[in-house]
Amino acid sequence: MQYIKSLETLKISSLHQLEALPEWLGNLVSPRKLRIEFCRTLKHLPSQEQMLRLTRLRKLTIDRCDELAKRCEKGGEEAFKISPKA
């Protein structure tokens, strides 16, 4: 999957054992929308370096991933990965 270059929308859903998104997510340079939902154990995005490679990303939605959503809020442990000013 990491070699798909023309993917514009990616939905990650219901991966109940997943604690961290893979680093290779940054290789998907074309996504404009990323939706992460129903991943209750998910805590970590890829590294900031990999997240910054997603230059076309315009919308990130985190829904019903309570731990990750909390960590991505302003001041949270993952916030700096999605907003340089967080």
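Which residues does L25 touch, not counting residues up to four places away in sequence? In this predicted model, L25 touches L10, L34, P46 and L54. L25 lies in the loop between β1 and β2. Its relative accessibility is 4%, and because buried means under 20%, L25 counts as buried.

The parallel pairing of β1 with β2 (residues 33-37) runs over 5 bridges.

L34 also provides a reference point for R58, as the C-alpha atoms of R58 and L34 are separated by 8.4 Å and the two residues are 24 apart along the chain. R58 is found in the loop between α1 (48-52) and β3 (59-63). At 63% relative accessibility, R58 counts as exposed. A polar atom of the R58 side chain lies 3.1 Å from the backbone oxygen of T55.

Side chains of opposite charge can pair when their charged atoms come close. The structure holds 7 salt bridges. One of them joins E8 and R32, with the closest N and O atoms 3.9 Å apart. This pair links distant parts of the chain: E8 is in the segment before β1 and R32 in the loop between β1 and β2, 24 residues apart. Both count as partly exposed, E8 at 43% relative accessibility and R32 at 35%.

A salt bridge also connects the side chains of E37 and K11, at 3.4 Å from N to O. Here the link is between strand β2, which holds E37, and strand β1, which holds K11, 26 residues apart. E37 counts as buried at 8% relative accessibility, whereas K11 counts as exposed at 54%. Both residues belong to a network of salt bridges that links K11, R35, E37 and D63.

A further salt bridge is found between the side chains of E77 and R71, at 3.6 Å from N to O. E77 counts as exposed, with 51% relative accessibility, while R71 is buried, with a relative accessible area of 13%.

Key
Residues numbered from 1 in each chain as written. Predicted model: local features only at pLDDT ≥ 70, side-chain atom pairs only at ≥ 80, totals over all residues. Heavy atoms only, no water. Helix = DSSP H or I, 4+ residues; strand = E, 2+ residues; numbered from the N terminus. Buried < 20%, exposed > 50% of the residue type's maximum accessible area, 1.4 Å probe, protein only. Polar contact = N/O pair within 3.5 Å; in protein donor to acceptor, adjacent residues only side chain to side chain. Pairing = 2+ DSSP bridges. Contact = heavy atoms within 4.5 Å. Salt bridge = Lys/Arg side-chain N within 4 Å of Asp/Glu carboxyl O.
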